[in-house]
Amino acid sequence: MAFPEPLERLIRALEKFPGVGARSAERMALHVLRSPREEVAELAMALRDARVETVRCERCGNVSLETLCTICADETRDAGLVCVVEGPREVEKMESAGVYEGTYHVLLEGFSPREGAQPESAAMRRLCDRVAGGTVREVVLATAPDREGEGAAMLVVEALRGMSVQITRLARGLPVGTRLEYLHGEILAEAFRGRRECAADGGPVESGGAPEA
Ligand SMILES: [Zn+2]
């Protein structure tokens with residue numbers, strides 16, 4: 001082992017971050033050694049606070065400071081409209097596009113399927129409970145138009161089969177493989193306005209039009 005143990009330990013910890021390989025972990029760790037002690041203390045505190053002080057909203061599963069996130073707790077939002085997304089980054093993207101007044105459902109237990117998480121029964125059960133509660137009239141699938149996103153959308157359609165709720169998808173025309181979080185706000189708004197009713201297999205219904213919102 002070339003580095004003293006505490007430095008080696010830091011490198012091992014940094015390597016666990018997504019997209020960080022051994023070389024970058026080393027560079028980051030050596031950067032920490034060069035940084036002022038106050039900055040390092042602040043970083044350690046920020047890491048801890050982000051993990052300890054946030055929970056997942058008990059209704060939609062989004063990251064939150066309270067039991068209910070600010071969107072679910074906001075009574076001016078349309079609770080009858082639920083947009084199903086893969087993670088908090090997609091919620092953030094939809095919110096900054098400023099075109100959506102409904103609520104969300106963050107589908108995956110892990111925050112990203114690309115990081116190895118699978119749709120878990122808890123998130124799906126929460127969605128079914130919300131729909132069974134009777135206030136939801138439309139579920140909009142806004143998962144990415146790629147393999148993981150399509151798979152997740154099909155699971156939702158399957159889970160909600162037979163329940164009295166309209167299921168729609170964001171309009172196609174989104175570039176294949178584009179994740180919601182990378183889309184320009186106006187394109188996203190367009191995709192939302194052009195959303196179509198879903199066929200039983202999760203695909204678009206040919207003759208379906210956008211439902212009255
Ligand atoms: Zn919420």
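Modeller: Val140 stands opposite Thr168 in β6. The two strands involved, β5 and β6, are joined by four bridges and pair in the parallel sense; strands count as paired if DSSP finds at least two bridges between them. From β5 the chain passes through helix α7 (residues 147-159) to reach β6, a β-α-β crossover that is right-handed. Right-handed here means that, with the strands pointing away from the viewer, the path from the first strand over the helix to the second runs clockwise. Helices (H or I, at least four residues) and strands (E, at least two) are DSSP runs numbered from the N terminus.

The model is predicted, so local features need pLDDT of at least 70 and side-chain atom pairs count only at pLDDT 80 or more, whereas totals for chains, interfaces and linings use all residues. Residue numbers start from 1 along each chain as its sequence is written.

The pair β5 and β6 belongs to an open sheet of five strands, ordered β4-β3-β5-β6-β7 with mixed pairing. The edges are held by β4 and β7 (196-197), each with a single partner strand, so one side of each has no neighbour in the sheet.

Leu81 has Glu138 of β5 as its bridge partner. Also in strand β3 is Val85, which counts as buried because it has 28 C-beta neighbours inside 10 Å. The cut-off for buried is 20 or more other C-beta atoms within 10 Å, for exposed 12 or fewer, with partly exposed in between. Val85 and Leu141 are separated by 56 residues in sequence, yet their C-alpha atoms are 6.9 Å apart.

β3 (residues 78-85) also runs parallel to β4 (residues 102-106), with five bridges between them; Cys83 stands opposite Tyr104 in β4. Together with α5, these two strands make a right-handed β-α-β unit.

Helix α5 (residues 88-97) in turn packs against helix α8 (residues 185-193) at an angle of about 95°, the axes being 9 Å apart. The axes are lines fitted to C-alpha atoms over the stretch in contact, and angles run from 0 to 180 degrees between N-to-C directions. α5 and α8 are therefore roughly perpendicular, the class for 65 to 115 degrees; under 35 counts as roughly parallel, over 145 as roughly antiparallel and the rest as oblique. The contact involves Lys93, Met94, Ser96 and Ala97 of α5, and Gly185, Leu188 and Ala189 of α8; residues are in contact if their C-beta atoms, placed from the backbone, lie within 7 Å. By class, four residues in this contact are nonpolar, two are polar and one is charged.

Notes
Two residues are in contact if their C-beta atoms, placed from the backbone, lie within 7 Å. Ala, Val, Leu, Ile, Met, Phe, Trp, Tyr, Cys and Pro count as nonpolar, Asp, Glu, Lys and Arg as charged, and the others, Gly among them, as polar.
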